[in-house]
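Subject: Structure handover

Hello,

Please find the structure below, with the sequence. My notes on what was found in it follow.

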Amino acid sequence: METRAIRGFNDILPDQVKRWQHIEERARTIFEIHGYSEIRTPVVEFTDIFARSIGTTTDIVEKEMYTFTDRDGSSITLRPEGTAGVVRSFIEHNMYAKSPISKLYYMGMMFRHERPQKGRYRGFYQIGAELFGPKEPLADAEIIIMLWRYFEAIGISPFLRPEISSLGDENCRPLFKRELVKFFKPKRNELCEDCQKRLEQNPLRIFDCKKERCKEIAEKAPSILDNLCDECKEHFDLVKESLEKIGTPFVLNPRIVRGLDYYTRTVFEVTTEELGAQNAVGAGGRYDALVEELGGPPTPAVGFALGMERMLLLHEKMFPDGFKKEADAFIAHIGSEARNRAFLLAYELRKNGAFIDLDYEDKSLKSQLKRADKLGVKYTIIIGEEELRRGVLKVRDMRKSLEEEMSLEDVKKLAIKLKI
Ligand code: AMP
């Protein structure tokens, strides 16, 4: 017998793990300052949970699930995505009754029986977040803003293109689907076999087809963004406005359909041109009907899921020279009193989770800055005699060459700044 892992399943070896931990740790930091807590749900659920939430006519449910009969005869499935399990847990533990808003994030392995290639595996990891409760567009905007902050924090945002759209709701989407049927019907014979089926079952899915001819025809199809009802249009306008106010980038792509059935209104995808065919790095959207669909009370929700391996491939591209987790900050000090204060500050910052380095002897500021540069830290903190007298320190952003003064006492605030 050959000793090898199952096709499509990978080992993550010790020399790669540092990078994985870094990507995970940044997610924890960024999500937690936005009020999210981690949830861990089982990797198997009753098959029905996925069939009902993801949708029976989706590729995942039709072709890709690892489904088994358990010894008691029940049908169980290895999770192909994270949201269904989190929603099941949200309902089972009555989280809706305990708080009007629940913010949860997860990290873990997902399973889909796809054809393996670079960036596409049968066992792969996702990081995701779900926000339950608010129906307001600010919630959609906040989650997209958080997502972008995260990509910036791990340094891969220059490779990414954030696209957003709206899928409408139960009022305007059926009307739009009818418009699509009207548009595609006369061209039915030119569509591929799958798309002819999609035309009957869910015409929106035609936008997902990779075949050239179908793509060509779909290009001229009506846009959902011109067919939203007034409420959906207002909602989408407010999402866009909030993103613009913060300066989070986005482009409109009215052809986003998403492979899962449960989305309503805002949807988004983050794509890259760096990974060949596997161009989706993450995706998400609002899913106001899903909690009710799975047996809970009506609860609006919005969330996203990111592909860990694809983020790692981009991270390797961005930081190819091996990966050593760099310190968050280096503390430079001038004079022995400042040195002792720096030593204490390093201890306090580390207690708050920041990765700090400093020199122990009194060297010139120039030589300390040189060392900070060599370490590749994002920030250098400078404490001189004059700063010490005033109870402040200087924080220098090494990449942007900006400097600001902060209080020596507010360690928590400083630690957060250094970590993100
Ligand atoms: P989805 O739930 O299909 O929207 O997937 C969310 C993200 O997970 C995608 O954007 C990919 O980055 C990642 N992903 C999905 N399927 C796979 C797979 N088979 N292998 C690796 N990553 C995947």
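I start with a sheet. Three strands form an open sheet in the order E2-E4-E3, paired antiparallel; two strands pair if DSSP finds at least two bridges between them. Strand E2 (44-46) and strand E3 (66-69) stand at the edges with a single partner strand each, so one side of each has no neighbour in the sheet. From one strand to the next, the twist averages 35°. Helix H2 (residues 47-54) packs on this sheet and touches E2, E3 and E4, where contact means heavy atoms within 4.5 Å. The direction of H2 makes about 80° with that of E2. For such angles, axes are lines fitted to C-alpha atoms, for helices over the stretch in contact, and angles run from 0 to 180 degrees between N-to-C directions. E3 and strand E4 (residues 75-78) run antiparallel and are joined by four bridges. As background, strands of a sheet pair through backbone hydrogen bonds, either parallel or antiparallel.

Some notes on the source are needed here. The model is predicted, so local features need pLDDT of at least 70 and side-chain atom pairs count only at pLDDT 80 or more, while totals for chains, interfaces and linings use all residues. Residues are numbered from 1 along each chain as its sequence is written, and side-chain values use heavy atoms, with hydrogens and water left out.

Now the chain as a whole. It holds 16 helices and 16 strands; helices (H or I, at least four residues) and strands (E, at least two) are DSSP runs, numbered from the N terminus. The C-alpha trace spans about 80 × 60 × 45 Å along its principal axes. Of the 420 residues, 54% count as buried, that is, under 20% relative accessible area, with exposed over 50% and partly exposed in between (1.4 Å probe, protein chains only). Of the contacts between residues at least 6 apart in sequence, 70% join residues at least 24 apart.

Two residues in helices come next. Ser 89 lies in helix H4 (residues 83-92) and is buried, with a relative accessible area of 6%. Not counting residues up to four places away in sequence, Ser 89 touches Ile 39, Thr 41 and Met 95. Gln 196 sits in helix H8 (residues 193-201) and counts as buried at 18% relative accessibility. The side chain of Gln 196 reaches the backbone oxygen of Arg 188 at 3.1 Å. This is a polar contact (a pair of N or O atoms within 3.5 Å; within protein, one must be able to donate a hydrogen and the other to accept it, and residues adjacent in sequence count only if both atoms are side-chain atoms).

How many disulfides does the structure hold? There are zero, a disulfide being a pair of cysteine sulfur atoms within 2.5 Å. The sulfur of Cys 195 is 3.7 Å from its closest cysteine sulfur, in Cys 209, which is too far for a bond. For Cys 214, the closest cysteine sulfur is in Cys 192 at 3.8 Å, also too far for a bond.

Last, the ligand. An N or O atom in the side chain of Glu 114 is 2.7 Å from a nitrogen atom of the ligand. An oxygen atom of the ligand is 3.0 Å from a polar backbone atom of Ala 280.

Regards
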